[in-house]
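Here are some notes to read beside the structure. They are set out as numbered points, one topic to each.

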Amino acid sequence: MPQQHRYRSNSYFFLAERGLSIPPVKLQQTRLEKSKLTIHRYYIKGDCQGSPTRASEWIGTLVADYIGITAPPPVVIQRLNGDLVFGSRRLAGVADDVITQNYLMNSANLEPNSSSLTGILSSIYAFDLFINNVDRHFGNYLTVQDIGARRLFAFDYGRSLFFRWPWTDFPAPGDHTRICGKVLRSTHGFDVQAAHAVLDKLARVAPTVIDAFLNQMPGEWLPQPLRREFIRVWSEEGRHARINALRKGLDDGSLL
Ligand SMILES: Nc1ncnc2c1ncn2[C@@H]1O[C@H](COP(=O)(O)OP(=O)(O)OP(=O)(O)O)[C@@H](O)[C@H]1O
Ligand SMILES: [Mg+2]
């Protein structure tokens with residue numbers, strides 16, 4: 001039995017040692033044993049309280065990465081009981097939570113090469129608002145120390161997209177994303193240009209890209225009607241209307 005942790009939600013996390021590609025193919029035990037040096041470990045997550053958490057994680061993580069917001073690589077993991085769960089690759093050398101939160105909260109402590117932190121945080125904020133991620137609290141960032149720089153990763157998209165469906169609202173002022181966003185802005189400021197640049201990129205993501213992401217995910221993770229609706233909203237005016245509403249909210253401060 002792999003090491004197991006329980007966090008505040010109903011999700012469980014394992015350090016799992018088996019990643020699958022889609023279509024799922026079980027890795028041979030012998031191959032795992034022989035390649036111990038290259039094995040990655042994954043934090044895994046199932047659906048939670050009737051919400052398609054795995055699909056939200058999968059799409060949120062892949063779209064983030066596609067537009068340049070760094071996230072730990074996602075993988076489909078098959079548990080020993082056959083369940084297909086979302087896996088987030090454990091980053092090598094990931095810093096302790098306290099170090100990451102100190103980094104986020106103390107502008108005076110910033111290390112060299114982190115002058116673009118304001119831009120990165122502003123990009124993440126705009127992206128979270130777009131995908132309606134209501135849960136960007138300080139525990140949903142990771143950092144890794146890398147030759148004189150600290151690399152920032154945004155992860156945990158479980159409470160985005162299909163968590164509050166239909167995809168019409170933005171995170172509310174009382175949601176973690178807005179509350180923590182405000183705290184981060186008071187420390188680092190806000191880079192409006194970086195936020196708009198993310199929206200420009202999202203406006204250019206073709207529906208075929210989203211379709212490919214959906215096709216790499218096990219079909220059972222998202223009911224067909226929801227999948228069709230998501231593609232429809234992405235393909236039609238809905239996505240551009242959302243982006244325009246977000247631009248307006250960032251410019252007039254109502255979504256800050
Ligand atoms: N890829 C990863 N690399 C390193 N640590 C990770 C990774 N994925 C998850 N973790 C660890 O597992 C914890 C829980 O993961 P995650 O935030 O996805 O779950 P959660 O139940 O949605 O959490 P919460 O509701 O508290 O935000 C994280 O706070 C982090 O410590
Ligand atoms: Mg989390």
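1. Asparagine 132 sits in the loop between helix 4 and strand 6 (141–146). This is a predicted model. Most residues other than glycine have a negative phi. Asparagine 132, which is not a glycine, has a positive phi of about 55 degrees. Asparagine 132 counts as buried because it has 24 C-beta neighbours inside 10 Å, and the cut-off is 20 or more.

2. The loop between strand 7 and helix 5 holds aspartate 156. The phi of aspartate 156 is also positive, near 75 degrees, in a residue other than glycine. Is aspartate 156 buried or exposed? Aspartate 156 is buried, since 25 other C-beta atoms lie within 10 Å.

3. Proline 166 is placed in the loop between strand 7 (149–154) and helix 5 (176–188). The peptide bond that joins tryptophan 165 and proline 166 is cis, with omega about 5 degrees. Most peptide bonds are trans.

4. The crossing is right-handed. On the helix 4 side the contact is made by Ala126, Leu129 and Phe130, and on the helix 9 side by Arg242, Leu246 and Leu250. Five of these residues are nonpolar, one is charged and none is polar.

5. Helix 7 (residues 207–215) packs with helix 8 (residues 224–235) at an angle of about 160 degrees, and their axes are 9 Å apart. That angle is why helix 7 is described as roughly antiparallel to helix 8. Helix 7 passes helix 8 in a right-handed crossing. Which residues of helix 7 and helix 8 meet? Pro207, Ile210, Asp211 and Leu214 come from helix 7, while Arg227, Ile231, Trp234 and Ser235 come from helix 8. By class, this contact has five nonpolar, one polar and two charged residues.

6. In a regular strand the side chains alternate between the two faces of the sheet. Strand 4 (residues 74–78) is covered on both faces: Pro74, Val76 and Gln78 are buried on one side, and Val75 and Ile77 are buried on the other. In total, five of the five residues of strand 4 are buried.

7. Strand 4 runs antiparallel to strand 5 (residues 84–89), and five bridges join them. Glutamine 78 has leucine 84 in strand 5 as its bridge partner. The hairpin of strand 4 and strand 5 has five residues between the strands, and glycine 82 takes a positive phi near 100 degrees there.

Technical notes:
Residues numbered from 1 in each chain as written. Chains lettered and ligands numbered in written order. Predicted model: local features only at pLDDT ≥ 70, side-chain atom pairs only at ≥ 80, totals over all residues. Axes fitted to C-alpha atoms, helices over the stretch in contact; angles between N-to-C directions. Helix = DSSP H or I, 4+ residues; strand = E, 2+ residues; numbered from the N terminus. Parallel < 35°, antiparallel > 145°, perpendicular 65-115°, else oblique. Left-handed = near helix turned anticlockwise from the far one by under 90°. Contact = placed C-beta atoms within 7 Å. Nonpolar A, V, L, I, M, F, W, Y, C, P; charged D, E, K, R; others polar. Buried ≥ 20, exposed ≤ 12 C-beta atoms within 10 Å, placed from the backbone. Pairing = 2+ DSSP bridges.
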